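Reader: I would like to learn how to read a few features of a protein model, one after another. Could you take me through them slowly?

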Amino acid sequence: MIINHPLLGPRDSAEFTYLGDASLLNRPDPDTATPKDWHDYAYLRDNPAGLHRELWFHEGGDRSWLVVTRNTVTHEITKVELARDVARGLASDVAGMGTKRSGG
Amino acid sequence: MRYSGFKVIKEALTGHKGWRPAWRDPEPQSHYDIVIIGGGGHGLATAHYLAKIFGQKRIAVLEKGWIGGGNVGRNTTIIRSNYLLDGNEPFYEFSLKLWEGLEQDLNYNAMVSQRGIMNLIHSDAQRDAYIRRGNAMILNGADAEYMDADQIRKEYPFLNFDDARFPIKGGLAQRRGGTVRHDAVAWGYARSADSHGVDILQNCEVTGFRIENGKCLGVETSRGFIGAGRVGCAVAGSSGRLMSKAGMRLPIESHVLQAFVSEGLKPILPGVITFGAGHFYVSQSDKGGLVFGGDIDGYNSYAQRGNLPVVEDVCEGGMALMPMIGRARLLRMWGGIMDMSMDGSPIIDRTHIDGLYFNGGWCYGGFKATPASGYAFAHLLARDIPHPTATAYRFDRFETGHMIDEKGMGNQPNLH
Ligand SMILES: Cc1cc2nc3c(=O)[nH]c(=O)nc-3n(C[C@H](O)[C@H](O)[C@H](O)COP(=O)(O)OP(=O)(O)OC[C@H]3O[C@@H](n4cnc5c(N)ncnc54)[C@H](O)[C@@H]3O)c2cc1C
């Protein structure tokens, strides 16, 4: 697979390590989260057949974290974003809703 | 029809006209006492034990394609019971004991071959870890044997013993481990289940569950609605996809694992060997092909085919361990979808929905578990209590902190 890195262009996926579902960016708020929230966050996955947003780390490159949108049935990659940008977007969404949140 | 040596000779002399299909091809009934989803090894074994051991009637196995087309027909056929942890070892040892009597139980030649498995050791720390594991196995009634390098040299003289980076220092052998003809396991269980009245319904995909007031009443399928008293799900790599139709999220990710077979060679490899310094394991099939594999590809996949970096990694592992493998030509390779759980161990449990039961999370090691998984799942479905060897395989272990993490990797499925 070739991952089209937003800063470095097309790179071999072998340069990356894989973490999993990008929902891991939505860490529960430690001030309010219940044990069940943590369990669901840490252990449960949607695991879809089809489009999947997932975290890849460019370990053999610029050491950035990426959010890759990939089809788990065909392995086709349709979108690659810097995880930093995605996390900032999430933080501002949440901030907009008036919840305390530290972001990224 | 019972199979026997006498029957084979009689048929050979009479033009093979007396063989009958090994199982029926029935039409679905409108309601069963127990419906099993998934005609892989685990689903078919469950049906066999439900009917034969637990005396249940009116059972169906629903398979979306053909039986044996999933992982049961794609794996590298290794059986063993060399686990460390209490939650696992008694279960896998129970499974190995069932393998030892399987062919008589099924009246089917599954080519169970206890040719032994040898896990190679390359460092002092690894020796300590393997000896500890061997002791845990012996405490649970399994067999384990520590071998030094000279003993291994006698059995496998061609291994790369004196490699500068990863010399072979010893090994942990389990003589009762080995290989089994994988397709024959599916067919043998199917034939036996069918002979005890189980309906095996192929080309019957489950597309949804009918759930009312927290109770599962049956399943929607490509061949219509089928009512059921209890529903057991055993769909391995499709677990996430299937259970999402019941509104469940699982502690499971689906990943692809590849396997490889070389051209047929004269007998060269007496047992199963695993490389301790990289991810590579190999055995030789009765047809002569070297059957080998390594790591999962490492990212979520439902594609049933892998990518080249892992092919390269597996071949490098093979070359490092037994350089002569470089002379063999690769004949074919394929992939299967693994239900990788968050601690690397399986789940055999009730769900929060009445009448809906789940069996999955087998990772890359569920073939050896087939008999015990079927037995334990049948026990749970018939009696509503877990089998004594499977009490740790609960959904809630991730909430209560009772994970069964053989490798100590934590909640990252691609590392198990
Ligand atoms: C390459 C490879 C090597 C392996 N090597 C080993 C090994 O050496 N030793 C070992 O112990 N294990 C090994 N495994 C793991 C082992 O094969 C699996 O853990 C085990 O086979 C899974 O259980 P099963 O046989 O029931 O699965 P499967 O055979 O996959 O059965 C599941 C069935 O469910 C069906 N299904 C899915 N969705 C639906 C639906 N909606 N409706 C109806 N039916 C459905 C599928 O079509 C499939 O036939 C390996 C796996 C692979 C892929």
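Reader: Is A:H75 buried or exposed?

Author: Buried means under 20% relative accessible area, exposed means over 50%, and partly exposed is in between, with a 1.4 Å probe and protein chains only. A:H75 has a relative accessible area of 7%, so this residue counts as buried. This is a predicted model, in which local features need pLDDT of at least 70 and side-chain atom pairs count only at pLDDT 80 or more, while totals for chains, interfaces and linings use all residues. Residues are numbered from 1 along each chain as its sequence is written, chains are lettered from A and ligands numbered from 1 in the order in which they are written, and side-chain values use heavy atoms, with hydrogens and water left out.

Reader: Where in chain A is A:H75 placed, and what is its phi?

Author: Most residues other than glycine have a negative phi. A:H75, which is not a glycine, has a positive phi near 70 degrees, and it sits in the loop between β5 (65–71) and β6 (77–82) of chain A. Strands here are DSSP runs of E with at least two residues, helices are runs of H or I with at least four, and both are numbered from the N terminus.

Reader: What is the phi of B:N203, and does the residue count as buried or exposed?

Author: B:N203 is not a glycine either, yet its phi is positive, at about 50 degrees. This residue lies in the loop between β8 (199–201) and β9 (206–212) of chain B, and its relative accessibility is 55%, so it counts as exposed.

Reader: How many helices and strands does chain B have, and what share of its residues is buried?

Author: Chain B has 10 helices and 18 strands, and 57% of its 416 residues count as buried. Its C-alpha trace spans about 65 × 65 × 40 Å along the principal axes.

Reader: How much area do chain A and chain B bury between them?

Author: The size of an interface is often given as the accessible area lost when the parts come together. Chain A and chain B bury about 2,200 Å² between them, with 50% of it on carbon and sulfur atoms; buried area is the accessible area (1.4 Å probe) that the two parts lose on being put together, summed over both. Of the area that chain A buries against chain B, A:Y43, A:R45 and A:N47 supply 30%, more than any other three residues. The contact, meaning heavy atoms within 4.5 Å, takes 22 residues from chain A and 25 residues from chain B.
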